[in-house]
Each structure stands twice: as structure tokens, then as C-alpha cells.
2 protein chains.
Amino acid sequence: MIGRASDLARFKRCIDDATGRNAVIAIAQAGAAYVEDARGGCGHAAAFVAPRSTEEVSLVLRTAAECGIRLIPQGANTGLVAAGVPEDATADVVLSLRAMNRRPSIDVANRSACVEAGVRLSTLNSVAADAGLCFPIDLAADPSVGGLIAANAAGAKFLRYGDVRRNLLGLEVVLADGHGTVLDFMKPLWKNNTGIDLKQLFVGSSGSLGVITRAVLALHPLPTVTVAALLVPADHDAVVDALVALERCAGDALTAFEGMSGVAMQAAVDLVSSVRNPFESGDVPEFAVLVELSGGPGESETRLTELLAQALATLESHGRTRIADVLLGDPARLWALRHAIPDALRRRGRVIGCDVSVSRGQLAALRTRLIEAVRVTWPEVEICDFGHVGDGGLHFNLVWPRSAREPATGTFDAIRTQVFEIVVKEFGGAFSAEHGVGPRNAAYYRRFTGSTALRLSASIQRALAPARIGRVDFGG
Amino acid sequence: MIGRASDLARFKRCIDDATGRNAVIAIAQAGAAYVEDARGGCGHAAAFVAPRSTEEVSLVLRTAAECGIRLIPQGANTGLVAAGVPEDATADVVLSLRAMNRRPSIDVANRSACVEAGVRLSTLNSVAADAGLCFPIDLAADPSVGGLIAANAAGAKFLRYGDVRRNLLGLEVVLADGHGTVLDFMKPLWKNNTGIDLKQLFVGSSGSLGVITRAVLALHPLPTVTVAALLVPADHDAVVDALVALERCAGDALTAFEGMSGVAMQAAVDLVSSVRNPFESGDVPEFAVLVELSGGPGESETRLTELLAQALATLESHGRTRIADVLLGDPARLWALRHAIPDALRRRGRVIGCDVSVSRGQLAALRTRLIEAVRVTWPEVEICDFGHVGDGGLHFNLVWPRSAREPATGTFDAIRTQVFEIVVKEFGGAFSAEHGVGPRNAAYYRRFTGSTALRLSASIQRALAPARIGRVDFGG
């Protein structure tokens, strides 16, 4: 412990001297928010540092390597797998990117933004909106740009715009190689094939291959016309059939196709005061899909509504009713219902989140199988799933109700294991669709990653980050 | 030489025994096409093998490592940087994927295709079209799927559909690790964030990190309505202004925005018999843009034409004429003009290809600077550039006319060096936008890649391919 305390003191002295300010502070002084886990619970750290420039990040990494300090890079600390949550009260130092948040610069002709890692998604979008553009990653949280990249975030508009990887043109990273080497891949190029694309490695790297300091992101024209509707399917298969019909008919005017279970919608209606029940009868159906179509100045609400009707008509033409109900509604109100679900579930009890994905045609079968399996093994649990039908993503989220008995230790892990085994082994799916890998799902990473992939990932981590950083060991 | 001959004999014996057929044949017996370079010239090899399955590819890699044979993976041999062209007549063996070409299987609900590496782009698209889908990489050549991935091909519809990387869901690779280890990342998932995404490393790997054997590719609805036009800009800046206006107004209905110099168009009109001059006056303008808008069954030609007019009207409203002429035309005929350019240039003389990219707003300035520089230094050369304004790509292709003096040795390299120096150093662009890295531009790879990137790329190559394969040394 004395060794660690003196290492930490040396680390602080070096950084403070070099920056000319009280840069390294005790974690208690920084605030509790920097050790909190967005999924509940709390971590521990010894200290906190928030460098103001790439050069300072490099200094911090160099000094940490010299002093044997483990740095935990952290953006807005909104991640859901605890990759940015420190654990060691004596040796971990939170490396916050919050001070690297200069106003993003927008290149209108190139449709791109040059952004520092600590800039929030909402800030980027507010600046981009002034130029009629947007960075179309649509999430309930408001992460920083560095965190978005380290998690390869995606969200509710993947169907139309893709994930962060798809929208990343350039990247600057400081390596945890003992020297704080800066990798500059900041060219704002849409096409660039000049060797192994090293920046791809840092997308979804959970802060454990280096520190992302800046990026060039692709922007898109801000939609000016939006139409949204809730579809109530008459049968499970109708959901994917409607998706396929809409893609063919509406093309990229289709910007979201989100599934919601009745239980999840009911929770949002009951527990989040700003949400009103959109269903006229007052009864929430077993399942519904939030469809959004949007476009620019060349688009009209009338045409988007017609496209929706036209696509659904091709389904009905098979002779039987496939979509029992279509409710056109105010997009903001329908999205409020969708986005209220995570919060509503937290109010209902303890949430067991399972962020899985499968090929789109398998979604209905996977859902049926999971619901059956969980009902048998864990009758107390409420199944409140929702997610992204358009990209095969399913938040198979479960709630352990406040009214139920206290779960035995390990119950939640056992539930998740049961779910992931079915997803991965029976359906060839993924145990993490869009939240990435961190301490919260490290055991599943080890369990479901092949031995060659583990070995290669370990050797890449050794090559890029021999001084170690962050909380993930990609060797398992 | 005797050592090599006996190594080769042992290699042949092992493979032939294990496969039960005459699998390894002399290169002369296989045919001249397998040593040809698509840009002209010819390579050399000792032998040829075309495995029929992933297991056979693994056997070939294992045996090659044992016998000290260098394998050169090759798809349809249409690459433009010679990455698949063998060079050593005594030791190189062409590993052709041509026999791995089973009919692709299409998953309509998931909008994806499972494809073997040897399947041609045209075959994939023909099978996908039966399901109303397409793989929208639009090229003049007809490469194999493995080659498309190893080059991260992109082409003329990048603006709307992106490159191969953006459309790659799954990948199977056999490693050159001495064991022929098979990496199976074939899950057909749109969202999958379960660790370092190793498959990204093989995209643009030029066949030098392993052998791509299968892939899962994203498909898109086949457009059913297309409108195309030639725009003649009144000034250079009008080109990018028109692009931005069209993106805002038409969104993803805009599927291509291709620039063509007058010299390139004139060559196509003069030298390719199937191409007719689309300009009514008969005079080819200094520069024109081929614009394409397209959509599905919910779209109409009338609306697409209106979108084009509406977008161009926003430009004109600034008070002066920005677009001097708009010629609506048969899309097939206009594309024929665009796609005839490479062939026309080859008929005109020896082509010096420079596949560069820059941020879109810099394209006009780069073009002006390059034209000036080349005209001064190499007055004999004809500047016949064309390319992808929509993604900042410029094929700054030059022709050494048949009528000019024979160029001194090293002239073409000197010209390319001059062009690339301006692109990279003055404009922050890339020396290879979409053709990738191979022997043809290895010197520029070394010249323009930073020392840390070279070192990290070398360590990744050592980790994935310790037994070496292909023609590119990523360590420079």
C-alpha cells in the first residue's frame, strides 16, 4: 500500500509540475459521478485527472507507465458494461476526457465534423444542426464522442445510418505503450485504402487499447420531415415481413423500425408521467413496432404516409390480415414512449439487461424461445423486451420486481447465462449487440470467444497497449 | 534452385495426395491469365492450386508453410495494384479461389448473402436480383468477392452505399500461421460488439494477412426507378455546391455524383464505338458531372426529376448561373460514357493511374493544382481525370500518348511521385483511395505511412501471418 501511495504521489507531482496546475486530484474531490456505474453499483479509484489536450493525454500516459498507475479512460460515464468504471481504490486513476470539449468544427462541403473526445453527442448535434446536419446515432443516453467510438454505439437509427464505425472517417489515439505515442489518423477522407486500417481496432475497444482524443465523424443532412406510426402485428412473422416490405418500398426513407413488448410499453405508460397511452382503446397490445420515415426538403409528410400505406398494402395482399392496427402519431410522442422504457423498467424493479442480436429473420423465434425458457426457470421475472428489429437487435431486458423475494446471490448472472447460451449456441447470435465488452460481461466474452480470436486479440492488445490501460483483457 | 524445386515437388505431392487429384499444376498449364497484371505487364509463378473448400485452403496453407512455399492468393485477378500477381518463377504458387464459387445463399429477411470467395460480383448480383436485392459495389471490373474484400473496393455508388467494409457482416479467413487455422466470423449479424472486431483487419489486407474464404455481405433493395443527368458546371465550386444541395434535398435518393474531365469524355466518345456523344452541340464541355437518383417501387421518375430540379434551383437562387447545362438522359447510356473512360484511355496511350482522395471541399483546388503542376513538368502528358466527387475520390489519370517520345526509364514513377506528394503533403489526401496497397504502390506506402503505423502494422502482420503470404509487407 505504501508503494502504491508513493507511486501515486510521484504521478501527481510529475503531472502537476508539467501542467503547472493541480491536475491530479483525489477522486473524492472530483465527485462521486466518476466512480458510478450507469447500471447501478459503484467503483473505486484513487485519483482523477482530466487532461486538456492530446499532448497532456500523452504526458499522463507516459507518466502513468513510469509510475505503475493504471488509467481508466472515461468519457461521460454512460457506458452499460462498466468499461469506464474504475475498481481499485489504491491504484486506479480515472482519466476523464471531459476537458477536451472544444466546439466541434463542421466541414459542410465534406459533410464531416472534427471533434474532441470529451464533446457530448448532444453538443455535437446542436452544433451540426446549425449547419443543417446531424450525427445520427440515436440513444437514450448522452455519451461523449470518445465513449461512442470506444463502444461502437449504434442505437435506434442503425437501420438507416449504421453504427459509429460506419460514420468514422478519422481518429487520433494516444497509445498506452509507455511513450504516450500519438497515432494521427485524422484525415477527413471518405475513401482511404492505404494499408491496414489501424483505426478500426479502436472502435469498440472499451478504452483498453489506447485513449481516443479526437475524431473526424461523418455527418448527414438533418431530416426536416418525419412521419411515425405504431404497427400492431397480427402474428409474429408479420413484423419482419413488414420490415422487408418497407425497406423495398420506402428505401432509406425508413429510418427506424423498433419493436416493443406490451409489458415494456405498459411500464412506460404506467410509470413515466410524461408518457401517454397512444392506444385508443386504452389496452396496450402484446407487441408493437414504432416505424419512422423521414426525409429532407424534397420530402413530404403526405408522401411518407403513402409509402407506409403502400408497403403495408403489399403485405395485406396475401389474403390475410398481417397488421392488425396502424396508429399514425406525433413522432416526438411515439419516441417518448420508446425512449421511456429503460427508465420505466428501472422504476419497476431491478433490471437484468441482455443486449443481444441475431439475424433478423430469427428474431421472432428467438423471442419465443427466450420467453418460454425464462418463464420456466425464473417465474418471478417480468419479461419487458424491446429493441431494434431493423438490425436484429433485441434488448431482452428482464425485471426482478420490487415485490418479489430477494434473489439469491448469482441469480442475475445465472439468468443472463441462460439467455446468452440460447442466443449464442442455439441461434448463432451475439451476447453484446451494441453495448460492447467490459467487466460486466467479461465472463461471457471469455465463454463465447474462440481460442484463436482470444489469442490474436491478446497479441494485438500487447502490441498497441503494452503498458496496459482500461479494464478489459482481450486475451480473456 | 534445386532446393526450391524439391520443396515445390514435396508441396505438390502432399496436396495431391491429400486431395486425391492433380491439384497443384504448373503455372503454364493453368494459363497466362493467372500471372497477368491488370495494369499491364506480367508476373511469374512456379505453380497453381485452386482449392475447393475452406478445408483445402487450410491444407494448402499448412503445407506451404512446411515446404517454404510463398502463396499468392488470387481472386479474379482484376486488382489494380498487383497484390495478387505472383513474381517468383521458382517459388511463388498462385492460390486461386476460383473453385470456391458455390451459388450464394440469400437470406431475404436479413437482407444478406452468404458467399464463397471465388464468386464474381456479377454472379452475386445476378443471384441477389432474383430476390429483388443487390450488392451495390459498382465497378468497371468484375472481381471476386474475396478480392473485393481484400481491396475494400468501393466504386461509383459509395456516396449512397459505402464501401465493402460498410457492407461486410461476416467473414471466414484461413490464417497463414503455419497451421492453416480457420477464423470463423460468419455470424450474419448487423450489430455485434463482442470484442476487438478482428475481421476488420482483413478488409483491405491485399491478401497478405490470410486467405478470405467466405463472407456474409449486406444486400440492399434493387432500385427499380432510375434517373440520370449530366450537369455542366459554370465554375469549379459549383460542383461541390451542387452535391451538397442534392444531398440535402434528395437524401439517399442520390446514388452517384461522378466527375469527368472533358478530355476523358472526349476519349470515350472518340475511341469506344458503343459510346455516343450526349452533348447536343457536339462539343464536349471542360467538365461534367454524372448524377444518378434512384429508388424502389415507392419512387417515380417524375419525383426524382423534380428533386434534381428543386436542388439545382436552390443553387441558382444565389443570383448567378452555377450550372450551365443539365442534360437528362438514359441512365444506361450515361453510365456507358462514364464506364468507357478507363478503356478509352488505354486506347489513347499508356495510362499513369493515380487513385487519390481528398476532402470533398478540396477537390476543385486539388485538381487545379495538379493540372498546373503536371503541365509544367510533363507537357507531353494528357490529363484525363475523372472520379467520384461524391466521396472525394479522384482518378487523376494521365496518358502518355502513343504519338509522344518514348518516356525515359522511371518517368511514370516520377510523375506519380509528383502527384502523390501534392495530394498527401499539400492537401492531406490519400495516395490510394480505393485500389488498396500492393507492389505497384509499395514505395508510396513506405513513403507516406508514419513510423508508428508501420511498426504496428508489421506486428499485426507477424501475429496473423507469421508464415507470410501474399505480396505486401506492411512493415514497409
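## Exercises on two sheets and a chain contact

Strand S13 (residues 254-261) and strand S19 (residues 386-388), both of chain A, run antiparallel and are joined by 2 bridges. Strands (E, at least two residues) and helices (H or I, at least four) are DSSP runs, numbered from the N terminus. Two strands pair if DSSP finds at least two bridges between them.

This is a predicted model: local features need pLDDT of at least 70, side-chain atom pairs count only at pLDDT 80 or more, and totals for chains, interfaces and linings use all residues. Residues are numbered from 1 along each chain as its sequence is written, while chains are lettered from A and ligands numbered from 1 in the order in which they are written.

**Exercise 1.** Find the bridge partner of Gly259(A) in S19(A). Then place the strands in their sheet.

*Solution.*
- Step 1. Gly259(A) has Gly387(A) as its partner.
- Step 2. The open sheet has 7 strands of chain A, in the order S15-S12-S14-S13-S19-S20-S17, with antiparallel pairing.
- Step 3. Strand S15 (323-329) and strand S17 (355-357) of chain A are the edges; each pairs on one side only.
- Step 4. From one strand to the next, the twist averages 20°. Axes are lines fitted to C-alpha atoms, for helices over the stretch in contact; angles run from 0 to 180 degrees between N-to-C directions.

**Exercise 2.** Which strands does helix H9 of chain A touch? Which does helix H11 of chain A touch?

*Solution.*
- Step 1. Contact means that the C-beta atoms of two residues, placed from the backbone, lie within 7 Å.
- Step 2. Helix H9 (residues 262-271) packs on the sheet, touching S13, strand S14 (287-295) and S19 of chain A. Its direction makes about 90° with that of S13(A).
- Step 3. Helix H11 (residues 331-348) of chain A also packs there, touching strand S12 (225-233), S13, S14, S15 and S19. The angle between H11 and S12(A) is about 55°.

**Exercise 3.** Name the edge strands of the 5-stranded sheet of chain A.

*Solution.*
- Step 1. The order is S5-S6-S10-S8-S9, open and antiparallel.
- Step 2. The edges are strand S5 (105-107) and strand S9 (182-185) of chain A.
- Step 3. Strand S8 (residues 168-175) of chain A pairs with S9(A) over 4 bridges. Here Glu172(A) stands opposite Asp184(A).

**Exercise 4.** How many residues does each chain give to the contact between chains A and B?

*Solution.*
- Step 1. Chain B gives 73 residues and chain A gives 73.
- Step 2. On the side of chain B that touches chain A, H15(B) gives the most, with 8 residues.
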